[in-house]
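Subject: Structure handover, with notes on pockets, cavity and helices

Dear colleague,

I am passing on the structure we spoke of, and my notes on it follow directly below. Please read them alongside the coordinates.

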Amino acid sequence: MGIIIDLDVMLAKKKTSSKELAAAVGITPQNLSILKTGKAKAIRFTTLDAICRTLDCQPGDILRYEADEPE
């Protein structure tokens, strides 16, 4: 599994749309969508900082780690 993105959960809690967050953070809605779906390979700390500042949350509120289950 690896890193899980819970950005949708935080957006719902804060009653904010993806479009509003993208505009506030200064990224494109497409890039935010890539992040939300877990397809992003990296995130800049400045972007993470802006997301947390805008949503008034901690990085751990939107990012978590789940280990792969052994086969």
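Grid points are joined across faces, edges and corners, and a volume is the space filled by probe spheres set on the points. The model is a predicted one, in which local features need pLDDT of at least 70 and side-chain atom pairs count only at pLDDT 80 or more, while totals for chains, interfaces and linings use all residues. Residues are numbered from 1 along each chain as its sequence is written, and side-chain values use heavy atoms, with hydrogens and water left out.

Pockets and cavity

The largest pocket has a volume of about 220 Å³, and its lining includes Ile27, Asn31, Leu32, Arg44 and Thr47. The elements that give two or more residues to this lining are H3 and H4, with H3 supplying the largest share, four residues; helices here are DSSP runs (H or I, at least four residues; strands are E, at least two), numbered from the N terminus. By class, the lining divides into seven nonpolar, three polar and one charged residue, where Ala, Val, Leu, Ile, Met, Phe, Trp, Tyr, Cys and Pro count as nonpolar, Asp, Glu, Lys and Arg as charged, and the others, Gly among them, as polar.

The second largest pocket, at about 150 Å³, has Ile3, Gly38, Lys39 and Lys41 among its lining residues, and its classes come to seven nonpolar, one polar and two charged. There is one cavity of 30 Å³ or more; the largest cavity is lined by Ile5, Leu7, Leu35, Ile43, Leu48, Ile62 and Leu63, which divide into seven nonpolar, no polar and no charged.

Just after H2, glycine 26 takes a positive phi of about 90°.

Methionine 10, in helix H1, is buried with a relative accessible area of 6%, and it touches Leu55, Cys57, Asp61 and Ile62, not counting residues up to four places away in sequence (contact means heavy atoms within 4.5 Å).

Loops with positive phi

Two residues other than glycine also deserve mention. Lysine 15, in the loop between helix H1 (7–14) and helix H2 (18–25), has a phi near 55° and is exposed at 77% relative accessible area. Aspartate 56, in the loop between helix H4 (45–55) and helix H5 (59–62), has a phi near 50° and is exposed at 62%.

Best regards

Note on methods. Buried < 20%, exposed > 50% of the residue type's maximum accessible area, 1.4 Å probe, protein only. 1 Å grid on protein atoms, 1.4 Å probe; cavity = no way out; pocket = protein on both sides within 12 Å on 5 of 7 lines; lining within 4 Å.
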